[in-house]
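Here is a short briefing on a protein and its ligands. Look at the model first, then work through the points below.

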Amino acid sequence: APLIEFSAVRKAYPGSRGDALAGLDLSIGRGEFIAVLGPSGAGKSTLFKLIAAIERPSAGQVSVGGQDVGRLSRAAVPWFRRKLGLTFQDTKLLNDRSVLDNVILPLLCTGTYGDEARARGRAALDKVGLRQYEKALPATLSGGEQQRVALARAIVNRPAVLLADEPTANLDTVAAERIVQIFSDFHRLGTTVMVATHTPAILAGVATRTIRLTDGRLVSDLPYAPPSVAD
Ligand code: ADP
Ligand code: ADP
């Protein structure tokens, strides 16, 4: 069975005209590494938010690991989210607390505290090469480092699926390559990865499949091939 499945999924946000997703069918298997492309407003973030149960479909069904995401009870959502790691373009790090305290936040949501949480947070920071900054405030780090902290927070629960929304936007090439290397490391460990990006060339050699959205519709779904011109 597919790991993630969209069946005729439509998403309309309350009060907005038109559909953010307009009848999406999509099936994703374990171990894929998917580049999600499309212009701003195409529905890429909405796709991720539906997978992560941040938003619910207006019609159709989203299933992850055999669970119907739209039918999760409020109480089940934090447990469901442990299967997923999500990062945002704006990182959503909290600047009133340390890097380590940011990374362990998802653990606190499901009842892992104290020394165990800190040990797991440090292990996650090790994976992104930022263990030495555990006491720093996020705002004192570079943009690339802040994305890596967000990645550490996303993987602290050892998720089966990693969803990254524009993780390399505004980063220089070196910082972007470092981020992509971390995705590649997790992919090799068996994690299913989806990365929304405007620069698919950075995923050469790691992505296995490219899906392209336009106006909430899937307009292409192909094996990954490096773009010949800038996307
Ligand atoms: P992308 O990530 O590809 O830029 P989004 O999924 O963010 O696309 O947005 C798809 C469409 O849904 C856009 O038209 C956007 O304006 C709209 N949209 C996204 N989030 C909301 C929201 N919270 N409320 C209303 N409209 C939204
Ligand atoms: P430990 O077993 O002490 O957690 P590891 O080196 O195996 O040490 O993992 C360190 C951290 O890296 C984990 O806490 C988790 O955050 C992340 N991690 C390890 N393996 C995976 C994986 N397959 N998928 C996602 N995250 C992982």
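This is a predicted model. Start at ligand 2: one of its nitrogen atoms is 3.0 Å from an N or O atom in the side chain of threonine 191. The protein covers 67% of the 530 Å² of accessible area that ligand 2 has on its own.

**Ligand 2: where it sits**
- Ligand 2 takes up the space of the second largest pocket.
- Its shell includes Arg120, Ala123, Ala124 and Lys127.
- Ile155, Val156, Arg158 and Pro159 are also among the residues around ligand 2.
- Phe186, Leu189 and Thr191 belong to this shell too.
- Helix H5, residues 114-127, gives the most to the shell, with 4 residues.
- Sorted by class, the shell around ligand 2 has 7 nonpolar residues, 1 polar residue and 3 charged residues.

- Lysine 127 places a polar side-chain atom 2.6 Å from an oxygen atom of ligand 2.
- Isoleucine 155 uses its backbone instead: a polar backbone atom is 2.8 Å from an oxygen atom of ligand 2.

- Tyr13, Ser16 and Ala20 are among the residues around ligand 1.
- The shell around ligand 1 also includes Pro39, Ser40, Gly41, Ala42, Gly43, Lys44, Ser45 and Thr46.
- By class, the shell around ligand 1 divides into 4 nonpolar, 6 polar and 1 charged.

**Ligand 1: polar contacts and cover**
- Which part of glycine 41 is 2.7 Å from an oxygen atom of ligand 1? A polar backbone atom of glycine 41 is.
- For serine 45, an N or O atom in the side chain is 2.7 Å from an oxygen atom of ligand 1.
- For threonine 46, an N or O atom in the side chain is 2.5 Å from an oxygen atom of ligand 1.
- Ligand 1 exposes 560 Å² when taken alone, and the protein buries 59% of that.

**Confidence in the model**
- The protein has an average pLDDT of 96.
- A pLDDT of at least 70 is reached by 99% of the residues.
- Where pLDDT is low, predicted coordinates should not be read in detail.
- The model scores are ipTM 0.80 and pTM 0.92.

Note on methods:
Residues numbered from 1 in each chain as written. Chains lettered and ligands numbered in written order. Predicted model: local features only at pLDDT ≥ 70, side-chain atom pairs only at ≥ 80, totals over all residues. Heavy atoms only, no water. Near = heavy atom within 4 Å. Polar contact = N/O pair within 3.5 Å; in protein donor to acceptor, adjacent residues only side chain to side chain. Areas by Shrake-Rupley, 256 points an atom, 1.4 Å probe, with all protein chains shown as cover. 1 Å grid on protein atoms, 1.4 Å probe; cavity = no way out; pocket = protein on both sides within 12 Å on 5 of 7 lines; lining within 4 Å. Sits in = over half its atoms within 2 Å of the grid points. Helix = DSSP H or I, 4+ residues; strand = E, 2+ residues; numbered from the N terminus. Nonpolar A, V, L, I, M, F, W, Y, C, P; charged D, E, K, R; others polar. pLDDT = per-residue confidence, 0-100.
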